[in-house]
Amino acid sequence: MTTHAPQAGQSVTLPTTLNEAVAALTDMPAAVPVAGGTDLMAAVNAGQLRPAALVGLGRISEIRGWQYQDGNALLGAGLTHARMGRPDFAALIPALAAAARAAGPPHIRNAGTLGGNIATAAPTGDALPVLAALEATLIIAGPGGSRREIPVSHLLAGVEMLRAGELIGFVRVPLLHAPQVFLKATGRTGPGRSVASVALVLDPARRGVRCAVGAIAPMPLRPLEAEQWVARLIDWDNDRALVPEALAAFGEYVAAACIPDPAPEPDGSVPTLPPAVLHLRRTVAALARRALGRALS
Ligand SMILES: Cc1cc2nc3c(=O)[nH]c(=O)nc-3n(C[C@H](O)[C@H](O)[C@H](O)COP(=O)(O)OP(=O)(O)OC[C@H]3O[C@@H](n4cnc5c(N)ncnc54)[C@H](O)[C@@H]3O)c2cc1C
């Protein structure tokens, strides 16, 4: 482990193991972990954050790759978007690779990491709906070499938080060996933050369809009833194709679950959604319809 002091009063510690990083954070409660720095440095440059010390995670090789474990992939939190976008990773977890390929311009994808995307927990974080649809589990490294596991949805919903000195070490993702799709809509052409995104995975072993909608709420939304409804329509033992009307109905079901109609007024009239919200709802419906169509085609 090496320590530098680039500015008076600010130190940068560069551990080479996860346990060293946790120990450095425990020893320096004011220190902040930094992986690719794409979110953190944006906050520093905007004057929103002035960390007294930094613990850099970039030299920890144990969290920069992945390994197989009992039908799951154990992904290191230090995997970059660029690495996850490569073909070998795409063959393993196609939806996460698609999200990684869509996560900003190349210099951001080269530096930005899976762990940073999760810890920032921005609504526009593209990995988040994928991890929600995959029902991924986070493995958290804590003081004294301890490890604890929490469902990613618990962290994103604020049910469980990272405690002082803890780091996201790994993400466990079930390998489903079936089609998965991630689609996102942006406000402009070219790389951009999601206005809405949909991750959809098929789980043939459980005869399930799992879907999560990102960017339209503080955390990814799971339209559980729409998932169950469409899973019952699919002929899992034969051709899994659905007619266009069923795909469209799924899209509408997902969109209505995530962006419901307003409650009726006391006089019984039903207010209409504002045009921008209606447009967002149509976008979500189109993304969900296309995602299911691609997964089943
Ligand atoms: C121009 C631009 C465009 C972008 N476009 C997109 C986009 O299209 N889609 C998208 O999803 N994101 C986008 N981002 C956001 C960003 O690139 C991602 O969220 C990235 O994955 C963050 O990872 P990082 O390694 O850079 O995190 P860092 O900036 O290093 O850290 C972010 C936060 O996470 C914490 N942290 C990092 N690693 C860990 C860990 N292992 N355990 C606990 N805490 C940790 C840090 O302390 C910090 O609070 C964009 C950013 C920029 C600047």
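How many Å separate the centres of domain 1 and domain 3, taken over C-alpha atoms? The separation is 39 Å.

**Before you start.** This is a predicted model, where local features need pLDDT of at least 70, side-chain atom pairs count only at pLDDT 80 or more, and totals for chains, interfaces and linings use all residues. Residues are numbered from 1 along each chain as its sequence is written, and side-chain values use heavy atoms, with hydrogens and water left out.

**Stop 1: the domains.** Colour three ranges: domain 1 (2–56), domain 2 (62–174) and domain 3 (180–296). These bounds come from an automatic or database domain assignment.

**Stop 2: the ligand.** Select the ligand and what surrounds it.

Start at Ala35: a backbone N or O atom sits 2.8 Å from a ligand oxygen. Go to Gly37, where a polar backbone atom is 2.8 Å from an oxygen atom of the ligand. Then pick Ile168, whose backbone N or O atom lies 2.9 Å from a ligand nitrogen. On its own the ligand has 990 Å² of accessible area, and the protein covers 87% of that. Such areas come from the Shrake-Rupley method with a 1.4 Å probe; for residues, only the protein chains shown count as cover.

**Stop 3: the largest nonpolar core.** A nonpolar core is a set of buried Ala, Val, Leu, Ile, Met, Phe, Trp, Tyr and Cys residues joined through side-chain atoms within 4.5 Å. Buried means under 20% relative accessible area, exposed over 50%, and partly exposed in between (1.4 Å probe, protein chains only). The largest core here has 39 residues. Select Leu75, Ile93, Leu96, Ile118, Leu131, Leu138 and Val171, which have the most contacts inside it. Helix α8 (residues 127–133) gives the largest share, six residues. Helices (H or I, at least four residues) and strands (E, at least two) are DSSP runs, numbered from the N terminus. Domain 2 and domain 3 both contribute to this core, so it lies between them.

Centre on Ile118. Beyond its neighbours within four places in sequence, its contacts include Leu128, Leu131, Val152 and Ile168. Contact means heavy atoms within 4.5 Å. A separate core has 32 residues, among them Ala226, Cys258, Ile259 and Val284.

**Stop 4: Arg172.** Find strand β9 (residues 167–174) and pick Arg172. Is Arg172 buried or exposed? Arg172 is buried, at 19% relative accessible area. Show its side chain with that of Glu149: a polar contact of 2.7 Å joins them. Gln69, Asn72 and Thr137 are among the other residues in contact with Arg172.

**Stop 5: two loops.** Select His177, in the loop between β9 and β10 (180–186). His177 is exposed, at 73% relative accessibility. Its phi is near 50 degrees, a positive value in a residue other than glycine.

Finish at Arg207, in the loop between β11 (194–203) and β12 (208–214). Phi of Arg207 is positive too, near 50 degrees. Arg207 is partly exposed, with a relative accessible area of 43%.

Conventions: Polar contact = N/O pair within 3.5 Å; in protein donor to acceptor, adjacent residues only side chain to side chain.
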